[in-house]
Amino acid sequence: MSELTAEQKHQALFMNLVLSLQQAAWFQLGKIPHPESNKIERDLNQARYSIDLLDMLFARTKGNLHEEESRMLEHVLRELKLNYVDEIDREKKDAEAATNPTAGEAQQASSAQEQAAS
C-alpha cells in the first residue's frame, strides 16, 4: 500500500476536522444522543460555538480548498444553521407555552379539532 501524499493527508485531516465539529454540533443541538451518556443533551450556546468555528474555517480557508472540501463545508454549515434556527424557534415556543399555558392549550385544541375534521 502506498503512502498518502502530504496534500492527501491534509485533505483527509481537514475533512475529519469538519466532520468532528459537525458531529459535536449535532450533539449540542440535541439531534443525536451523546455517545458517552447515550442521552440527548441540548446546549444551544455550545452548538452556536461549533457552528461559528466551522464558519471561521470556511472564511479563513476560502480560495484554498479543493472544490469537494468547499462544497462539503458549505453543505455542513447550511444544514447546521437551519437546524440551529429550528431549535431556537422551538425554545422560544416552549418558553411562550410555559409562561402562557392557555395559549399553548388553545393551540393544542385547535390542532386536535383540525385533525378530527380531516
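What covers the buried residues of helix 3?

Reply: A word on the model comes before the details. This is a predicted model, in which local features need pLDDT of at least 70 and side-chain atom pairs count only at pLDDT 80 or more, while totals for chains, interfaces and linings use all residues. Residues are numbered from 1 along each chain as its sequence is written, and side-chain values use heavy atoms, with hydrogens and water left out.

The cover over the buried residues of helix 3 includes helix 1 and helix 2. Helices here are DSSP runs of H or I with at least four residues, and strands are runs of E with at least two, numbered from the N terminus. By that count the chain has 4 helices and 0 strands, and its pattern along the sequence reads α-α-α-α.

Helix 3 itself takes in residues 67-99, which is 33 residues, and it reaches 48 Å from its first C-alpha to its last, close to the 48 Å expected at 1.5 Å a residue; the expected span is 1.5 Å times one less than the number of residues. The buried residues of helix 3 are E69, S70, M72, L73, V76, L77, L80, N83, Y84 and E87. Buried means under 20% relative accessible area, exposed means over 50%, and partly exposed lies in between, with a 1.4 Å probe and protein chains only. Of the 118 residues in the chain, 26% are buried.

Although E69 is buried, it has no salt bridge, and the nearest side chain of opposite charge, R71, is 10 Å away. A salt bridge needs a side-chain nitrogen of Lys or Arg within 4 Å of a carboxyl oxygen of Asp or Glu, and for charge Lys and Arg count as positive and Asp and Glu as negative, with His and the chain ends not counted.

Leaving aside neighbours within four places in sequence, K31 is in contact with W26, I40, N83 and E87. The side chains of K31 and N83 are joined by a polar contact of 3.4 Å, that is, a pair of N or O atoms within 3.5 Å, where within protein one must be able to donate a hydrogen and the other to accept it, and residues adjacent in sequence count only if both atoms are side-chain atoms. K31 counts as partly exposed because its relative accessibility is 32%.

Notes
Contact = heavy atoms within 4.5 Å.
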